[in-house]
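Please read the following account with the chain in view.

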Amino acid sequence: MAMSITTTATTMTTTTTLWIMQFYNELKEKTLPNYYKVVATSFAASIGIFAWVAAIGFLTFGASANGLILNNYSTKDSLMGFSRIAVAISLVFSYPLSFVGARDGIIDLAKLKATPKTENAITLGVLGLVTVGSLLIPDVSFVLALAGATLGNALIYVFPALMFRGAIKQKGADATSRQKKEVKFALLSAVAGIAMGILGATKAIQGLGN
């Protein structure tokens with residue numbers, strides 16, 4: 001269940017980070033209070049739904065719950081068969097949303113020109129690596145746990161702290177004493193995130209052989 005919650009946080013945070021401006025631009029009245037309201041409502045609803053589903057799975061199978069809960073159900077269960085189809089459809093149509101953001105990020109970091117040829121080459125390369133990884137790592141729970149421990153903690157604790165420190169540093173002498181104190185607090189949060197990431201990644205790797 002803890003893994004499901006970690007994965008939920010990672011998924012929602014990653015999607016929001018990649019499409020934050022898109023969500024803002026689609027608002028009828030583009031103001032920060034309206035955006036905060038949309039984000040808070042959406043996160044609350046998503047967390048509630050994911051926690052409810054995770055709790056049902058854990059209460060049904062306990063410690064025997066599989067990383068992909070559908071694997072706990074019989075292949076002869078017709079209702080679960082439809083659920084597997086629904087999950088497949090969800091993955092097929094939601095994956096491009098995250099992938100496009102990741103691809104554009106790689107292009108930006110590598111300082112490449114975003115031509116169709118470059119985009120296609122990176123798409124094929126990254127998808128190839130992901131496909132090979134999926135063939136070599138049969139346990140999806142390991143992927144979810146490792147992603148939650150590394151990417152989740154980085155997006156939630158580390159990157160925002162570094163971005164905030166950079167923004168205050170650019171202010172120079174204009175930065176207030178309160179803002180400078182907030183930088184120290186943010187860096188402590190980043191250190192805590194790194195520590196939790198290391199612990200989570202270690203546990204995920206240790207559980208790979210079990």
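Two residues are in contact when heavy atoms of theirs lie within 4.5 Å. Among contacts in the protein chain between residues at least 6 apart in sequence, 55% join residues at least 24 apart. The model is predicted, so local features need pLDDT of at least 70 and side-chain atom pairs count only at pLDDT 80 or more, while totals for chains, interfaces and linings use all residues. Residues are numbered from 1 along each chain as its sequence is written, and side-chain values use heavy atoms, with hydrogens and water left out.

The protein chain has seven helices and zero strands; helices (H or I, at least four residues) and strands (E, at least two) are DSSP runs, numbered from the N terminus. Of its 210 residues, 19% count as buried. Buried means under 20% relative accessible area, exposed over 50%, and partly exposed in between (1.4 Å probe, protein chains only).

Helix α5 has 21 residues and reaches 30 Å from its first C-alpha to its last, close to the 30 Å expected at 1.5 Å a residue; the expected span is 1.5 Å times one less than the number of residues. Which residues of α5 are buried? They are T118, I122 and T123. These cover an arc of only 130° around the axis, which puts them on the same side of α5; the arc is that of the directions from the helix axis to the C-beta atoms. The face turned away from this buried side carries the exposed residues P116, K117, L124 and L135.

The buried residues of α5 pack against α4. The axes of α4 and α5 come within 10 Å and cross at roughly 115°. Here axes are lines fitted to C-alpha atoms, for helices over the stretch in contact, and angles run from 0 to 180 degrees between N-to-C directions. From α4 the contact is made by Y95, F99, R103, I106 and I107, and from α5 by E119, I122, T123, V126, L127 and V130.

The loop between α4 (78-109) and α5 (116-136) contains K111. K111 has a positive phi of about 55° although it is not a glycine. Most residues other than glycine have a negative phi. At 76% relative accessibility, K111 counts as exposed.

Further along, is A145 buried or exposed? A145 is buried, with a relative accessible area of 17%, and its place is in helix α6 (residues 140-171). A145 and G200 are 55 residues apart in sequence, yet 7.3 Å apart in space, C-alpha to C-alpha.
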